[in-house]
Amino acid sequence: VFDHTVTVWRYTEGRGGAFREVTKRWSQVFGADGARISLQTKREGRTGSGPGTIVDGEYSGMGPVALDVCEGDVLEVTEGPDAPLVIEVTAARRPMGHHLELGLKTWSGTL
């Protein structure tokens, strides 16, 4: 059951302007906004104690084979039991072209 809705973000780098300056930014992957995946917690840990405790962990996920996701992408979970959540793709496999298997971990950064 694909019970989470995600937005896929990819880090891009380009050159532009009169001085050919390098621009780096996170961009949404075209066609992957509102994609559905399933998400399972593999391991969870806590960093710190009291106010400001950070929950981090590893996850595994599955999605449709056509979803444009690769290692290093960031998934922003916008709907589902674990929302809101931001996770990084550590592995993406498509066994026998049937479905998408994802290795994921908690990500902290700015999109």
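The model is predicted, so local features are reported at pLDDT of at least 70 and side-chain atom pairs only at pLDDT 80 or more, while totals for chains, interfaces and linings use all residues. Residues are numbered from 1 along each chain as its sequence is written, and side-chain values use heavy atoms, with hydrogens and water left out.

Take Asp73 to begin with. This residue sits in the loop that runs between β4 (54–63) and β5 (74–79); strands here are DSSP runs of E with at least two residues, helices are runs of H or I with at least four, and both are numbered from the N terminus. Asp73 has a relative accessible area of 2%, so it counts as buried (under 20% is buried, over 50% exposed and anything in between partly exposed, using a 1.4 Å probe and protein chains only). Its side chain makes a polar contact of 2.7 Å with the side chain of Arg10. That term stands for a pair of N or O atoms within 3.5 Å; within protein, one must be able to donate a hydrogen and the other to accept it, and residues adjacent in sequence count only if both atoms are side-chain atoms. Leaving aside residues up to four places away in sequence, Asp73 touches Val8, Trp9, Arg10, Asp68, Ile87, Glu88 and Val89, where contact means heavy atoms within 4.5 Å.

Val29 is found in another loop, between β2 (21–28) and β3 (35–47). With 8% relative accessibility, Val29 is buried. Its contacts, again not counting residues up to four places away in sequence, are Val8, Trp9, Arg10 and Asp68. The C-alpha atoms of Val29 and Val69 lie 8.4 Å apart, although 40 residues separate the two along the chain.

Now for the rings. Searching the whole structure turns up two aromatic pairs (rings of Phe, Tyr and Trp, the last by its six-membered ring, pair if their centres lie within 6.5 Å; planes under 30 degrees apart are stacked, over 60 edge-to-face and the rest tilted). Tyr11 and Trp26 have ring centres 5.3 Å apart and planes at 65°, so this pair is edge-to-face. Because Tyr11 lies in strand β1 (residues 4–16) and Trp26 in strand β2, the pair ties together parts 15 residues apart in sequence. Tyr11 is partly exposed, at 45% relative accessible area. The rings of Trp26 and Trp107 are edge-to-face too, with centres 5.4 Å apart and planes at 70°. Trp107 lies in the segment after β7 (100–106), so its pairing with Trp26 in strand β2 links parts 81 residues apart in sequence. Trp107 is buried, at 18% relative accessibility. Tyr11, Trp26 and Trp107 make up one aromatic cluster.
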